[in-house]
Amino acid sequence: MCGRYSFKPTPQQHSEELTGSVPEFMNMNIAPTQPAPVCTGTHEWALFEWGLVPFWSKDGKNQGKLINARAEGIAEKPSFREAFKRRRCLVPADSFYEWRTLPNRKKVPYRILRSDGQLLFFAGIWERWRNLDGSEKYTFSIITTDANADVEPLHDRMPVVLVDRDSREQWLNADDPEVPASLLRPAPDGLLRFYRVTDQLNTATFHGVDAHEPVPEDGSLF
């Protein structure tokens, strides 16, 4: 799964990998129900809430239950199928976090990022929910798949990472539904690396500048 991630692009990442009018935004500990940038078209950026609210929802409440959409069966599930067909998006990140449980049951966080220093672009879907008074809410989910060899030591699931510009273009704009479906697979082994970070990330409200700083590894973990 993906329950927390970070968006703090470097100047070089911003200039080389992000095109269009990206919203002014930085959050090193994005949590469910919080706003985050998504790209709904090649150059169309906006801030949406993390946690999909289906268009048919009666109350429009974002309780953070649909932050992830499993790739398996996404085209048939009522909460996701229309968005998968018509409303796909990119979710940019510099990294995401995953937790490992130690023998003493303590959960420790790890930061997962690309080994080559590039940004991550997750496959996402988005929805627009309209209230009777005409107000609207825009929300999104991150699609997950089986973990690759890089992430498997921490978790058996991971976000779908669209590795290059061609796959991102296909995800956003392909008319044939078989094309985006073919992209819902684990990232190539060797693309990612991880290291342990501060336990303060166990708290969703933590936004310290040291969120990305490595901390000493516990030798009992592996």
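Pro37 stands opposite Leu47 in strand E4. The model that contains this pair is predicted, so local features need pLDDT of at least 70 and side-chain atom pairs count only at pLDDT 80 or more, while totals for chains, interfaces and linings use all residues. Residues are numbered from 1 along each chain as its sequence is written, and side-chain values use heavy atoms, with hydrogens and water left out.

Strand E3 and strand E4 (residues 44-50) run antiparallel and are joined by 6 bridges. Here strands (E, at least two residues) and helices (H or I, at least four) are DSSP runs numbered from the N terminus, and two strands pair if DSSP finds at least two bridges between them. A hairpin of 2 residues connects E3 to E4. Strand E4 is also joined to E10, in this case by 2 bridges and in the parallel sense; Glu49 stands opposite Thr139 in E10.

An open sheet is formed by 5 strands in the order E2-E1-E7-E8-E12, with antiparallel pairing. Strand E2 (27-30) and strand E12 (192-196) stand at its edges; each has a single partner strand, so one side of each is left without a neighbour in the sheet. On average, neighbouring strands of this sheet are turned by 30° against each other, direction ignored, the axes being lines fitted to C-alpha atoms, for helices over the stretch in contact, and angles running from 0 to 180 degrees between N-to-C directions. Strand E8 (residues 107-114) pairs with E12 over 5 bridges in the antiparallel sense, and the bridge partner of Ile112 in E12 is Phe194.

Helix H3 (residues 165-173) has Ser167, Arg168, Trp171 and Leu172 buried, where buried means under 20% relative accessible area, exposed over 50% and partly exposed in between (1.4 Å probe, protein chains only). These residues cover an arc of only 130° around the axis, which puts them on the same side of H3; the arc is that of the directions from the helix axis to the C-beta atoms. The buried residues of H3 pack against several elements, including strand E3 (35-41), helix H2 (81-86) and strand E10 (136-146), contact meaning heavy atoms within 4.5 Å.

Trp171 also belongs to the largest nonpolar core, which has 54 residues; Trp171 is among those with the most contacts inside it, as are Tyr5, Phe122 and Leu184. Such a core is a set of buried Ala, Val, Leu, Ile, Met, Phe, Trp, Tyr and Cys residues joined through side-chain atoms within 4.5 Å.
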